[in-house]
Amino acid sequence: MLWKPESISYELKQAHKLLLSIGLMLELRQSLSPGEYGWKQSRIDVPESWASAKLEMKEGTIYITVGTEKYYLNPENKGELSFAILDGGNKTDTQLLEIWAKCAKGT
């Protein structure tokens, strides 16, 4: 998976009404150079309780700090996390928290 940390921007956003997902999401955008192929935009649902989470990128990994809990997103877990969240349709906040804890907790 193409993952260019220097060209990735990220933010927490409320999902637009026209999207299939509802609630809060982490939106990622990546700029690609001519001839590069990969994702340009990705949206990953997060629990509503993460609205005031702190986001930062260190050494190519996005860290999400919610209170005392820390989650991470990088090329090693992005696919698994995205699949788990999308598989079977919209998830409740409890389900999202379980998926994030399983796929993106610790380092």
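Helices (H or I, at least four residues) and strands (E, at least two) are DSSP runs here, numbered from the N terminus. By that rule the chain holds 2 helices and 6 strands. From the N terminus on, the order is β-β-β-β-β-β-α-α.

This is a predicted model, in which local features need pLDDT of at least 70, side-chain atom pairs count only at pLDDT 80 or more, and totals for chains, interfaces and linings use all residues. Residues are numbered from 1 along each chain as its sequence is written, and side-chain values use heavy atoms, with hydrogens and water left out.

## Overall form

The chain has 107 residues and a radius of gyration of 13 Å, which agrees with the value near 13 Å for a compact globule of that length. That radius is taken over C-alpha atoms, and the globule rule is 2.2 Å times the number of residues to the power 0.38. The C-alpha trace spans about 40 × 35 × 20 Å along its principal axes.

Burial follows relative accessible area: buried is under 20%, exposed is over 50%, and partly exposed lies in between (1.4 Å probe, protein chains only). Of the 107 residues, 41% count as buried. Contact means heavy atoms within 4.5 Å. Among contacts between residues at least 6 apart in sequence, 49% join residues at least 24 apart.

## Aromatic pairs

Rings of Phe, Tyr and Trp (its six-membered ring) pair if their centres lie within 6.5 Å; planes under 30 degrees apart count as stacked, over 60 as edge-to-face and the rest as tilted. The whole structure has 4 aromatic pairs. In one of them, Trp-3 and Trp-39 have ring centres 5.9 Å apart and planes at 50°, so the pair is tilted. Trp-3 sits in the segment before β1 (8-14), and Trp-39 in the loop between β2 (24-30) and β3 (41-45), so the pair ties together parts 36 residues apart in sequence. Trp-3 is buried at 11% relative accessibility. Trp-39 is buried too, at 13%.

What is the geometry of the pair Tyr-71 and Trp-100? The ring centres are 6.4 Å apart and the planes stand at 85°, so the pair is edge-to-face. It links distant parts of the chain: Tyr-71 belongs to strand β6 (residues 69-73) and Trp-100 to helix α2 (residues 93-104), 29 residues apart. Both Tyr-71 and Trp-100 are buried. With Trp-50, they form one aromatic cluster.

Lysines also meet ring faces. A charge sits over a ring if NZ of Lys or CZ of Arg is within 6 Å of the ring centre and within 35 degrees of the ring normal. Lys-78 lies over the face of Trp-39, at 4.8 Å from the ring centre. Lys-70 lies over the face of Tyr-63, at 5.5 Å.

## Salt bridges

Side chains of opposite charge can pair when their charged atoms come close. A salt bridge is a side-chain nitrogen of Lys or Arg within 4 Å of a carboxyl oxygen of Asp or Glu. The whole structure has 7 salt bridges. The table gives three of these pairs.

| Pair | Closest N to O distance |
|---|---|
| Lys-54 and Glu-56 | 3.9 Å |
| Glu-69 and Lys-105 | 2.3 Å |

The bridge between Glu-69 and Lys-105 links distant parts of the chain: Glu-69 lies in strand β6 and Lys-105 in the segment after α2, 36 residues apart. Glu-69 is partly exposed at 31% relative accessibility, and Lys-105 is partly exposed at 38%.

A network of salt bridges links Lys-13, Glu-27, Arg-29 and Arg-43.

## Two polar residues

A polar contact is a pair of N or O atoms within 3.5 Å; within protein, one must be able to donate a hydrogen and the other to accept it, and residues adjacent in sequence count only if both atoms are side-chain atoms.

Gln-41 is in strand β3 and is partly exposed at 33% relative accessibility. Its side chain makes a polar contact of 3.0 Å with the side chain of Glu-27. Not counting residues up to four places away in sequence, Gln-41 touches Glu-27, Leu-28 and Arg-29.

Is Thr-61 buried or exposed? Thr-61 counts as buried, at 10% relative accessibility. Its place is in strand β5 (residues 61-66). A polar contact of 3.4 Å joins the side chains of Thr-61 and Asn-74. Beyond its neighbours within four places in sequence, Thr-61 is in contact with Glu-56, Tyr-72, Leu-73 and Asn-74.
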